[in-house]
Structures are given as structure tokens and as C-alpha cells.
Amino acid sequence: MFILNSSDPVPLYKQLYHQIREHILTGKLPAESRLPSVRQLASELSASANTVDGAYQELYAEGYIYSRPRSGYFVSSLDQEVAPRPAPRKLGKSDFLPAPPARFTYDFHPARLDPESFPAELWRKCLTEGLRYNGREFTHYGELQGDWGLRCSIQSYLEKSRGVVCDPEQVVVCCGLHQSLEIAAQLLKDDHRVVAVENPGYHLPRDVFANHGFSILPVPVGQSGIDLNQLKAGNADIVYVTPSHQLPLGYVMPVANRLGLIEWAESGGRYLIEDDYDSELRYQGNPIPSLQGLRPTGNIIYSGTFSKILSPALRLSYLVLPYSLLGAYRQRYSSYNCSVSLVEQRAMASFMEQGHWERHIRRMRTVYKKKHDTLLRAVEASFGKRAVVIGQGAGLHVVIQLPETTKSEAEILDKGRQKGIGLIPFSDFHVTGKAGRVTLVLGFGGFKGSEIEQGIALLSQIC
Ligand SMILES: Cc1ncc(COP(=O)(O)O)c(C=O)c1O
């Protein structure tokens, strides 16, 4: 009836305990049935008496079985309605995590960074310094909102480079945009119900807010960013925007629209979420200052990340909350510890304090500008007039449209996979999952040497 596996790392008595427990919970061993004696079961299983006794003792201690003097062990009667149920063995298709991404020879995913770019030596130095000087701090929980030193460094960087006006008090260290959005959703859900999102736009805000029960209102994006008239015509009371480099189209929202957006938020107790995810990477002219800096006292939640310049694997990002939400944040999150390791936070603080961060940004801007320009030249050379470039000059990707192609997006992606070309579907950026004309998002960050030209030449053959 029971099978023990001696090569399983789970101890034998535990294996037996689990199997008997499951038999009891599923009714295969009904209440009041008598268990075999320790000696008998040990002999049936070719196991030691200790193994069986260990399992029985644990089941007895937890109340699954009871003993009658001189008669042995019996199954207790459990209220089947409330009895704990064993975990289901079989998972449905939707229970599985998505498969890990396939590896492509030419991977145009827009979130890939330069493979040689992580400053491992400097990071190791900063980690070691952090460990040397902060040993005592690592023996207790850190500050809830994140390490004060790191928050001060983030504040001064944001003020200098992004025109964000805030105090370190307002900065919350997070482990990614999803956490920033979770916090925003928690803080706003009592009084706000409808979130406007850019369409096409990043899927994550839609997912997070929908998971919190918000309605999602897709608003079209034009050359000036989110369409203000359509936003105003809808019933949204929160809007998520990427004003300095719209994802995916790459447009920059002009100042008149930014002011219009601020006015929309202020006039109705609404909130703006500004995702300033990659604006350090601008290749023509100066970086565009943040929207938050135009109205530091406004209803603007600002989110930024270290994922685009330094590493997405560190899971380090930050949120700047307006003072209007800071009190509510501190009340609701008074028992939540910071979700980023203090070791990494101290390393990041050192990295910033010693000027490595700003030097690294400058270095990466040069590296990515070269790749960006190479990609544009390669598109021009291989596609010529067949491609219309619509998103360029910033970030880690360029967007092209193919007005003349007779192929569908699915055909191009499929053919690409067969040739070792990885592309993400542009339709995923659309709320409906359907894009109009064929559009390709061409991330260039992860390419080395002449791979960009080779990849684009191959891609042009299948489009
Ligand atoms: C629009 C946008 N915002 C933010 C991020 C970064 O998120 P995180 O800080 O979770 O890495 C990404 C990553 O691809 C993004 O596309």
C-alpha cells in the first residue's frame, strides 16, 4: 500500500507519514480503521521499526490517529468538511509559469542590456565595503521604506538629473515596477476605481491594477503621448504614463500636454503615475526632465528603476510618493519590511555616493548610442523604404512599421523563430491583443559586434 524510496532526500519516516496522512485525508483509510502494527508494517515495507514508529508518532501527535491500550493505532474521525485537504497533484495548463524564454541568435527583446556592461568589479567592491562597514546593521531589519543613505542618494540624483523635486522622506525603495504599482493600487483603491493606460502600452500596469479590481481604460497614444481629449472624455481617476519615452512608440510628451495632464489630475482629485523607466538614455539633445518636477506638490506618483542602466537582475527600483499619500503609505505599510536586501541597498548607495552610477550612465549612453545608430543604419540598408521608423533616439529599442508587407505579425514572428530571430509581438502592447499594421519592436541592447547588421539583414528577408 505504501512505497518508500531510499534515494529520496525526504527521510523514510516522513515519506510514510505523508502517505498515511494522505490516505486518511482522502478517505482511503476510513475513521476507526486499525493501522497495522509497527512490526508488521515494517516487515511489509522492508523498513526498520523506527521508520514506522516515527511516522505513527507524528500522526499521533497531530491527531490523525489515536491509540487504544493493547490494541494498537486507529484512524481518528475527522470532520471531512473542515479536514485539511492534500494539495492537488495535477496542475492545469494555466497553473504553470510561462516557459523560460527561448535563446535566439538574434534576440530583439527590448529589455536586454549589453552583455558586457555590468560593472562586476566595482559592484563587488561596493558590496565588500558595505559588508565591512555595516556588519552591525545586518543583524536587524532595516528601515521599512529603504536604507536612508540610499534614499538620500536617489533623491539627489533625481533632483540633479531628472528634475524631480522631493525629499528623501518621499522615496520608497522597491524591488521593481510591479511593487511600485502594487503600492499605488493599495493607496488609491478606496477612492479611485478606473485606471487609464496608454494604448499601445506596457502590459504590467494593466495586470497589476486589474488584479486589484480596478477597471482599465485604454487611451490611444499619438505623437504627443497619451491623447488628452480622450482621457478627459473617459471616467478614469488615475492615469499611468511613460511621458519621457513612451513604451513602446518612443514619443516624448510635450510640455503643454504635461501641464494639461497635471491640470486634469488636480482638477478632480485624480492621480498620475509617471514611469520614468529609461530616460537616462537619450541620444539626441538633453534628457527630458520629469513631469513630477513641473508640479512637485501635485498628485504625481513617480517611479524609476536601476534595471535599464545597471541590471534588471538586481531588482532595485524606487518610488517617489507625493506628500498627499505619504501619511496613508506609512499607516498601511507600518508592518511591511523593505523588500530589497539591505546588503544590495548599501552596495547601491556606495555605488552612487562614489560617483560610479553617473559615470556608468555616461558610459552606457555612449555604448547604446552606437548600437542605436548601427541599428538605424542597418534598417536603412536592409529595408530601405519598406520600413518606416517611428520610435528612435532614446532607450533600448527602435520601432519600425512595415506598411507594404503582405505577411502578418504571427507569420513574421514564426518565421523569425525558425531562423533564430527573437521578436516580441507588438500586439501584446495593445489592450485588445490586436495591433493594426505590422509593427516591430527592435531592441538592440543585447547585441554584440556585427550581430545587429546580421540580424536586421536576416529579418528583412522574412518580412
Ligand atoms: C515601461 C517600463 N517600466 C519599467 C520597467 C522596469 O521595471 P523593473 O524596475 O521592474 O525592472 C520596464 C522594464 O522593461 C518597462 O518596460
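This report looks at one strand, its partner strands and the ligand in a predicted model.

## A covered strand

Let's start with strand β10, which spans residues 300–305. This strand is mostly covered, with six of its six residues buried.

Its residues point in two directions. Ile300, Tyr302 and Gly304 face one way, while Ile301, Ser303 and Thr305 face the other. Whichever way they point, all of these residues are buried.

## Neighbours on either hand

Which strands pair with β10? One of them is β9, made of residues 271–275, which pairs with β10 in the parallel sense over four bridges. If you look for Ile300 in β10, you will find Leu272 standing opposite.

Strand β11, residues 317–320, is another partner. Here β10 and β11 run antiparallel, and four bridges join them. Gly304 has Tyr318 in β11 as its bridge partner.

## Around the ligand

Now turn to the ligand, which sits in the largest pocket. The residues around the ligand include Thr305, Asp275 and Ser317.

A polar side-chain atom of Asp275 lies 2.5 Å from a ligand nitrogen atom. In the side chain of Ser307, an N or O atom is 2.6 Å from a ligand oxygen atom. Leu177 takes part through its backbone: an N or O atom there lies 2.9 Å from an oxygen atom of the ligand.

How much of the ligand's area does the protein bury? Taken alone, the ligand exposes 400 Å², and the protein buries 89% of that.

Conventions. Residues numbered from 1 in each chain as written. Predicted model: local features only at pLDDT ≥ 70, side-chain atom pairs only at ≥ 80, totals over all residues. Heavy atoms only, no water. Buried < 20%, exposed > 50% of the residue type's maximum accessible area, 1.4 Å probe, protein only. Helix = DSSP H or I, 4+ residues; strand = E, 2+ residues; numbered from the N terminus. Pairing = 2+ DSSP bridges. Near = heavy atom within 4 Å. Polar contact = N/O pair within 3.5 Å; in protein donor to acceptor, adjacent residues only side chain to side chain. Areas by Shrake-Rupley, 256 points an atom, 1.4 Å probe, with all protein chains shown as cover. 1 Å grid on protein atoms, 1.4 Å probe; cavity = no way out; pocket = protein on both sides within 12 Å on 5 of 7 lines; lining within 4 Å. Sits in = over half its atoms within 2 Å of the grid points.
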